[in-house]
Amino acid sequence: MRTEFHIGIDDTDSRLHGCTTYTATLLFQELVSKGFKPIDFPWLVRLNPNIPWKTRGNGALSLHFSVESEQLEEMKKITLTIVKETSDLNQRATDPAVAFVKGRVPNLLSEFSTRALHDILFVREARQIAKATGVETHLLKGPRGLVGALASVGANLSNDHTFEIIAYRTRKNRGSTRRVNQDSIRLMDAMYRESTFNNVDLETGRILICPHGPDPVLFGIRGEDPTSLARAYELVVSEEQIERIMIFKTNQGTDSHLSCRRRIVALQPYQSTVIVGVVSNAPRIIRGGHAIFKISDETGSIDCAAYSATGSICKAAVHLIPGDSVVVSGGIRVRRMGGLTLNVEKLEVTGLANAIRWENPLCSDCGARCESMGKDQGFRCRKCNLHFQKASKSPKSEPRAIRCGIYLPPPRAHRHLTKPASRYEFHTPKLSDASGVLFGPTLAPRVAVAIVS
Ligand SMILES: [Zn+2]
């Protein structure tokens with residue numbers, strides 16, 4: 001009998017060596033060469049990036065096949081062998097985990113995966129889910145990779161997804177400076193700007209497709225569809241040998257970690273979240289040029305930090321005033337002196353308050369601006385020396401230095417999951433609140449014109 005078979009892998013990499021995408025690539029290519037039939041590209045699933053102990057991008061991998069039942073044991077054996085061979089087990093922080101899911105992916109697993117995008121999940125929960133769904137799990141060392149291995153299989157990529165084509169270095173070159181022709185990357189970016197994203201940071205000219213660590217990735221191009229990526233790849237001139245390439249389906253560039261709206265009172269450290277609120281304190285600028293402002297909803301208030309590295313977010317936040325309506329997305333952090341802060345990853349300004357300046361009255365004789373004589377003392381025209389006891393200040397609307405719209409960080413400050421400006425035209429964001437209920441697509445119509453990048 002034929003059945004779906006899903007393999008989830010996490011945490012085979014370490015700070016020094018390896019890369020879980022490389023493990024998945026070797027495994028996928030080995031299985032395909034043995035005649036196993038994939039039903040999709042390998043998935044590269046990024047999970048909640050605001051978990052501090054997951055500093056390397058928090059990605060997990062899953063492979064999806066259609067298999068004859070009697071082949072399952074062989075497939076498992078190949079998987080565990082390759083995971084073992086490519087894992088850096090000597091590293092203390094590397095705890096590879098593998099999950100085998102036979103048949104259709106259970107709903108419980110999908111829900112678990114959705115929560116792994118914006119919440120903190122613990123190994124204990126992962127074990128419970130595995131048990132409840134009958135998922136077979138293998139730990140090569142500690143249990144830390146279990147959450148990712150399960151979440152990568154349960155990921156929901158059907159609403160929105162992108163692709164990444166990754167080129168890997170040969171073993172002898174790993175650790176040395178990457179030799180990729182930069183002009184060819186710029187040409188590729190110019191030719192495929194519609195269908196790829198984050199190749200180059202245009203403000204600084206910085207190349208973004210090459211990582212800098214000792215991992216085996218030479219470069220990775222992100223984009224909307226596999227065909228464009230394969231063509232874009234052909235334009236990049238590598239001056240070192242490429243060992244192999246692979247195309248992944250992924251949630252990168254989809255903002256999928258910023259899909260859960262929460263009330264301020266319910267916030268927990270390290271969640272990724274969306275808050276709909278009103279600015280309640282004017283921003284203050286702290287050392288380094290970062291802007292801190294307070295927002296409130298009906299349940300409480302929280303400080304929001306727009307770091308200067310977020311570019312237009314920080315520049316816009318400086319101009320907020322109390323009463324402005326905002327939708328703020330980002331990660332929850334614990335402040336050193338206690339209390340929570342939201343690190344802003346996306347700022348949507350949905351309504352601007354009236355900025356009022358109170359002006360002294362004009363002199364009825366000469367028309368000049370009067371000066372105040374002090375509290376309740378009336379006003380005086382300096383020129384005519386006339387006194388206006390009963391006159392009062394009048395409100396005047398000031399023009400605002402900020403527009404409604406969505407403010408995003410520059411590409412060089414993007415996280416893997418950050419949705420780039422170029423993708424807003426095609427993909428309407430959907431938000432759900434913590435109970436899973438969809439709430440208004442506040443973003444879509446204005447986005448194309450209002451994004452300030
Ligand atoms: Zn006067």
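Student: With a relative accessibility of 30%, does Phe41 count as buried, partly exposed or exposed?

Tutor: This is a predicted model, in which local features need pLDDT of at least 70 and side-chain atom pairs count only at pLDDT 80 or more, while totals for chains, interfaces and linings use all residues. Residues are numbered from 1 along each chain as its sequence is written, and side-chain values use heavy atoms, with hydrogens and water left out. Buried means under 20% relative accessible area and exposed over 50%, with partly exposed in between (1.4 Å probe, protein chains only). Because its relative accessibility is 30%, Phe41 counts as partly exposed.

Student: Which residue forms an edge-to-face aromatic pair with Phe41?

Tutor: The structure holds 5 aromatic pairs, where rings of Phe, Tyr and Trp (its six-membered ring) pair if their centres lie within 6.5 Å, and planes under 30 degrees apart count as stacked, over 60 as edge-to-face and the rest as tilted. In one of these pairs the rings lie 5.4 Å centre to centre with 70 degrees between the planes, and the partner of Phe41 is Phe163.

Student: How many residues apart in sequence are the parts that this pair ties together?

Tutor: Helices (H or I, at least four residues) and strands (E, at least two) are DSSP runs, numbered from the N terminus. Phe163, which at 6% relative accessibility counts as buried, belongs to strand 7 (residues 162-169). Phe41 lies in the loop between strand 2 (37-38) and strand 3 (43-46), so the separation in sequence is 122 residues.

Student: How many residues of strand 7 are buried?

Tutor: Thr162, Glu164, Ile166 and Tyr168 point one way from strand 7, whereas Phe163, Ile165, Ala167 and Arg169 point the other way, and all are buried. Strand 7 is therefore mostly covered, and the number of its 8 residues that are buried is 8.

Student: Which residue of strand 11 stands opposite Phe163?

Tutor: Two strands pair if DSSP finds at least two bridges between them. Strand 7 is joined by 8 bridges to strand 12 (residues 242-250), antiparallel, with Glu164 opposite Phe248. Strand 7 also runs antiparallel to strand 11 (residues 217-223), with 6 bridges between them. In strand 11, the residue opposite Phe163 is Gly223.

Student: Is Arg262 buried or exposed?

Tutor: Arg262 is found in the loop between strand 13 (260-261) and strand 14 (272-286). Because its relative accessible area is 6%, Arg262 is buried.

Student: At what distance does a polar contact join the side chains of Arg262 and His118?

Tutor: A polar contact is a pair of N or O atoms within 3.5 Å; within protein, one must be able to donate a hydrogen and the other to accept it, and residues adjacent in sequence count only if both atoms are side-chain atoms. A polar atom of the Arg262 side chain lies 2.9 Å from the backbone oxygen of Ser272. Between the side chains of Arg262 and His118, the polar contact has a distance of 3.1 Å.

Student: Which residue in the hairpin of strand 14 and strand 15 takes a positive phi?

Tutor: Strand 14 and strand 15 (residues 290-297) run antiparallel and are joined by 6 bridges, and the bridge partner of Arg284 in strand 15 is Ile292. The hairpin has 3 residues between the strands, and the residue with a positive phi near 95 degrees is Gly288.

Student: Over the ring of which residue does the charged end of Lys419 sit?

Tutor: A charge sits over a ring if NZ of Lys or CZ of Arg is within 6 Å of the ring centre and within 35 degrees of the ring normal. Arg174 lies over the face of Tyr22, at 4.7 Å from the ring centre. The charged end of Lys419 is 4.8 Å from the centre of the ring of Tyr424.
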